[in-house]
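Please read the following note beside the sequence and the model.

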Amino acid sequence: MNATDSVWMAQALHLAERGLFTTTPNPRVGCVLVKDGVAVGEGWHERAGECHAEPRALRAAGDKARGATAYVTLEPCSHHGRTPPCADALIVAGVARVVVAMQDPNPLVVGQGIAKLRAAGIEVDCGLMEAEARVLNIGFVARMMHGLPWVRSKIAMSLDGRTALANGESQWITGEAARRDVHVWRARACAVMTGIDTVLEDDAQLSVRHIQTSRQPMRVVLDSHLRISPQAKIFQGGQVLVVAATADAEKMAALKQVGAQVVVLTDESGRVDLLATLQHLASIGCNEVLVEAGSTLNGALLRAGLVDELVLYFAPQLLGDMARGMAQLGELCSLEERVELEWQDVRHVGRDLRIVVKVKKG
């Protein structure tokens, strides 16, 4: 592989990003077909059940695909799902070489697509710009490899780490640009998860409104005792899942009448089982979950080691030590108990500062 290969793979990754908001539960994939130094076809996957990136590119290339090199951001599938195997389509089209960014972590595919291509006499190179491809499909990889979605918690706060005044007032700490930016994270998520206290205090919809998208993420409310009202704004448009710890037939029936799904997942303490909730979301195809909640749920998820990434918006202001903090972690008796983070990205968003960090685990 050489520099020219990198240029074409970068183009394939750019195409894959076009499906950032829409491919769930499938991965985001792009493909470029190149012959004699010229792109002869390109495509990307847009939605589950629709044409994959490779067949789109092959259709655009037509007869020019024979003898071409295909640059694909994810290993071509080798099994029959909603669509035929992409590896077979590349073989039939007569491509001479396939450059793959990363293997597909799906147990139904991993390595088999590449093996099928090689068995057909096609040269295959794998691993070019793999890190970029993994970041693009970070939730899909997590779900396939660990049976859990990628959990990203968004928190808006003052520079001294306060998310609201002691009386609960928080609108608005951050500026309009930061609030619009949050909608990009919502749009790419499969689900937006919050706690019942946030719903009762803010009556937020948690929907995507400030950017254009054809798909709304599922809204998930953790509500141990089913305190949520069927008239809450969160039930206005889009799929809502309420996770409870106790089964109350009357309340559950009222929520189902407004279109909500209700599941009961209880842990040993009688509260909503956080791990079971995330496992359930993974089982129904959720790749990325955005948490927009208060300090109680954020703290519980962090203590349980269930947060993968934090998206932190800092406003240039101070609210003082009587205001609410970002996460209830309890008293730490040793620095060994601290939550270790890894810097990922730091930038200005309007007047505020956005910091993205990964949570170190293990």
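What radius of gyration would a compact globule of 362 residues have, and what does the chain have?

1. This is a predicted model, in which local features need pLDDT of at least 70, side-chain atom pairs count only at pLDDT 80 or more, and totals for chains, interfaces and linings use all residues. Residues are numbered from 1 along each chain as its sequence is written, and side-chain values use heavy atoms, with hydrogens and water left out.

2. A compact globule with 362 residues would have a radius of gyration near 21 Å, and the 23 Å of the chain agrees with this; the radius is taken over C-alpha atoms, and the globule rule is 2.2 Å times the number of residues to the power 0.38.

3. The chain has 11 helices and 16 strands, which are DSSP runs (helices H or I, at least four residues; strands E, at least two) numbered from the N terminus.

4. Of the 362 residues in the chain, 51% are buried, where buried means under 20% relative accessible area, exposed over 50% and partly exposed in between (1.4 Å probe, protein chains only).

5. In helix α2 (residues 53-61), the buried residues are Ala53, Glu54, Ala57, Leu58 and Ala61. They lie on the same side of α2 because they cover an arc of only 130° around the axis, the arc being that of the directions from the helix axis to the C-beta atoms.

6. The buried residues of α2 pack against β1 (30-35), β2 (38-44), β3 (69-72) and α3 (86-93), with contact meaning heavy atoms within 4.5 Å, whereas the face turned away from the buried side carries the exposed Arg59 and Ala60.
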